[in-house]
Amino acid sequence: MAASSLSTFSSLSLRSPSRFSPFQSQTHHTFFIPKPNLSPFYLLLNPTKFDPIKPNSTTAETTFFDNTDPEEISTYDPPERPEDFIEPASFDDGPMESEEEIAKAYEELYGAAYSGETFLGNDIYAMDSKVKKTTSFGKTKKEKAKDGFDERVVQVRRVTKVVKGGKQLHFRAVVVVGDKKGQVGVGVGKAKEVIAAVQKSAVNARRNLITVPMTKYLTFPHRSDGDFGAARVMLRPAAPGTGVIAGGAVRIVLEMAGVENALGKQLGSNNALNNARATVVAVQQMRQFSEVAQERGIPMEELWK
C-alpha cells in the first residue's frame, strides 16, 4: 500500500503543471485577469502578473538604443555638388506660353472642349453634348455646340432586322455636313428614332471630313471620276456663272462643300449613299496645280507648255 501511494505521488509530482495553474515555473509569467476592485498601486508594483503579451510570442519586440542621446543636437550634412553640375533654369525664367499651347495642353488633359474648337484634331463631340430642357410635351432637346458646319439630310429609310423573336424596326439616315468653304463629309447612322439616327449620322460625317480642292472661281481644278460599289460619278469643272448642274446626292455634296460652278453626272447605281461616297472618292483624287508643280520641281508656268 505504501509503495503504490509513493509511485502515485511521484508521478503526480513529476507531471508538468497545468496551463492555468498558478504553480508554474519562475521562467514563465503568471496570467491573471485583473479585477475591477484591485488597487492601481498593486498593478503598478506587479506589472508582470498582468502582462497581456504571451511569454512565447515573437510579435512584440523591445528595442533599446543605448548609444543614442535624445538630447543631442543633430545637424544635416548634405552631399557636395559635382564639378559639372549646372543648376536648372527657374520656372519663371522660361518663355511665356501662347494661348494656343495652353489650349493644347488643356485639351490633352481634359479632352475636347464644348466650344467646338479643337487644337489636336480630336472629335469635338467626344463628350456628351449640352442638354437643353424644353417644356413642350415634357421632352428634352439636345443642342450641340456650333462648329460652323451645316447639316443636310440626304435620305431616311426604314430598315428591318429579322431576329429570333420577330423583326426589329430601325431608321437609317444619310447626312452630309460641310462648312461651304472646302470641307465636307458624308455619314450614315441607324437608330430606333429618326432624330437619333440623324444625330448619329451627323457625328459620323464629322469624323470623315475631307478637303475639296477648288480654284478662285469656286470650281474643280480638273475633271475626275469616282466609283464606290456599283455607283459611278463623273465630275467636270465649269465656267463662272454655270452653277451646280447635278442631281441627287452629288448635288448636295457639292453644295455643302462650297462648289458653285461644276458639272456632275451619276452613271451607275441610283443608291444615294453610294453616290455620295463616290463623289467623295472623285474629289479625293483631285490635286491643285501648285501641288503638282511642287512635286515635279518646276514652276507652274511650265505645266501648260
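User: Taking buried to mean under 20% relative accessible area, which residues of helix 5 are buried?
Analyst: They are Ala249, Val250, Ile252, Val253, Leu254, Met256 and Ala257. Keep in mind that this is a predicted model.

User: How many residues does helix 5 have?
Analyst: Nine, and seven of them are buried, so the helix is mostly covered.

User: What comes just after helix 5?
Analyst: Gly258, which takes a positive phi of about 100°.

User: Ok, the largest nonpolar core. Which residues touch the most other members?
Analyst: Val184, Val186, Val212, Phe220, Leu235, Leu254 and Val259, out of 28 residues in that core. Two or more residues each come from strand 4 (166-178), strand 5 (183-191), strand 8 (231-237), helix 5 (249-257) and helix 6 (272-284).

User: Which element gives the largest share?
Analyst: Helix 5, with seven residues.

User: And where does that core lie relative to the domains?
Analyst: Domain 1 (150-211) and domain 2 (224-302) both contribute residues, so the core lies between them.

User: Take Leu235. What is it in contact with?
Analyst: Setting aside neighbours within four places in sequence, Leu235 contacts Phe220, Arg223, Ser224, Asp225, Val250, Leu254, Leu263, Gly264, Thr279, Ala282, Val283 and Met286.

User: What is in the second core?
Analyst: That one is separate and has nine residues, including Phe171, Val177, Val198 and Ala205.

User: Switching to Ser201. Where is it, and is it buried or exposed?
Analyst: Ser201 sits in helix 4. Its relative accessible area is 0%, so Ser201 is buried.

User: What does Ser201 touch?
Analyst: Ala173, Val175, Gly187, Val188 and Gly189, if residues up to four places away in sequence are not counted.

User: Salt bridges next. How many are there?
Analyst: The count comes to seven. As background, side chains of opposite charge can pair when their charged atoms come close.

User: What about Glu151 and Arg206?
Analyst: Their side chains meet in a salt bridge, at 2.9 Å from N to O. Glu151 is in strand 3 (residues 150-163) and Arg206 in helix 4 (residues 194-206), so this pair ties together parts that are 55 residues apart in sequence.

User: How covered are those two, buried or partly exposed?
Analyst: One of each. Glu151 is partly exposed, with a relative accessible area of 43%. Arg206 has 12% relative accessibility and therefore counts as buried.

User: Asp225 turned up in the Leu235 list. Which residue does Asp225 form a salt bridge with?
Analyst: Arg232, and their closest N and O atoms are 3.8 Å apart. The cut-off for the nitrogen and oxygen is within 4 Å, so the pair is counted. Asp225 is partly exposed at a relative accessible area of 29%, and Arg232 is partly exposed at 39%.

User: Which salt bridge does Arg251 form?
Analyst: Arg251 pairs with Glu255, the closest N and O atoms being 3.0 Å apart. Both residues are in helix 5, four residues apart, so about one helical turn separates them.

User: How exposed are they?
Analyst: Arg251 counts as partly exposed at 33% relative accessibility. Glu255 is partly exposed as well, with a relative accessible area of 26%.

User: Which residues are joined with them into one network?
Analyst: Arg152 joins Arg251 and Glu255 in one network, through salt bridges that share partners.

User: Now the surface. What makes the nonpolar patch of about 420 Å²?
Analyst: Tyr106, Leu109 and Tyr110. Leu109 is found in helix 3 (residues 99-110).

User: Is Leu109 buried or exposed?
Analyst: Leu109 is exposed, with a relative accessible area of 66%. The threshold for exposed is over 50%, so 66% puts Leu109 in that class.

User: Overall numbers, then. How many helices and strands?
Analyst: Seven helices and 10 strands.

User: What share of the residues is buried?
Analyst: 25% of the 305 residues.

User: Last one. What share of the contacts joins residues at least 24 apart?
Analyst: 47%, taken among contacts between residues at least 6 apart in sequence.

Definitions and conventions
Residues are numbered from 1 along each chain as its sequence is written. This is a predicted model: local features need pLDDT of at least 70, side-chain atom pairs count only at pLDDT 80 or more; totals for chains, interfaces and linings use all residues. Side-chain values use heavy atoms; hydrogens and water are left out. A nonpolar core is a set of buried Ala, Val, Leu, Ile, Met, Phe, Trp, Tyr and Cys residues joined through side-chain atoms within 4.5 Å. Buried means under 20% relative accessible area, exposed over 50%, partly exposed in between (1.4 Å probe, protein chains only). Domain bounds come from an automatic or database domain assignment. Contact means heavy atoms within 4.5 Å. Patches are made of residues with over 30% relative accessible area and no salt bridge: like charges are joined within 9 Å, nonpolar side chains (Val, Leu, Ile, Met, Phe, Trp, Tyr) within 5 Å. Accessible areas come from the Shrake-Rupley method with a 1.4 Å probe; for residues, only the protein chains shown count as cover.
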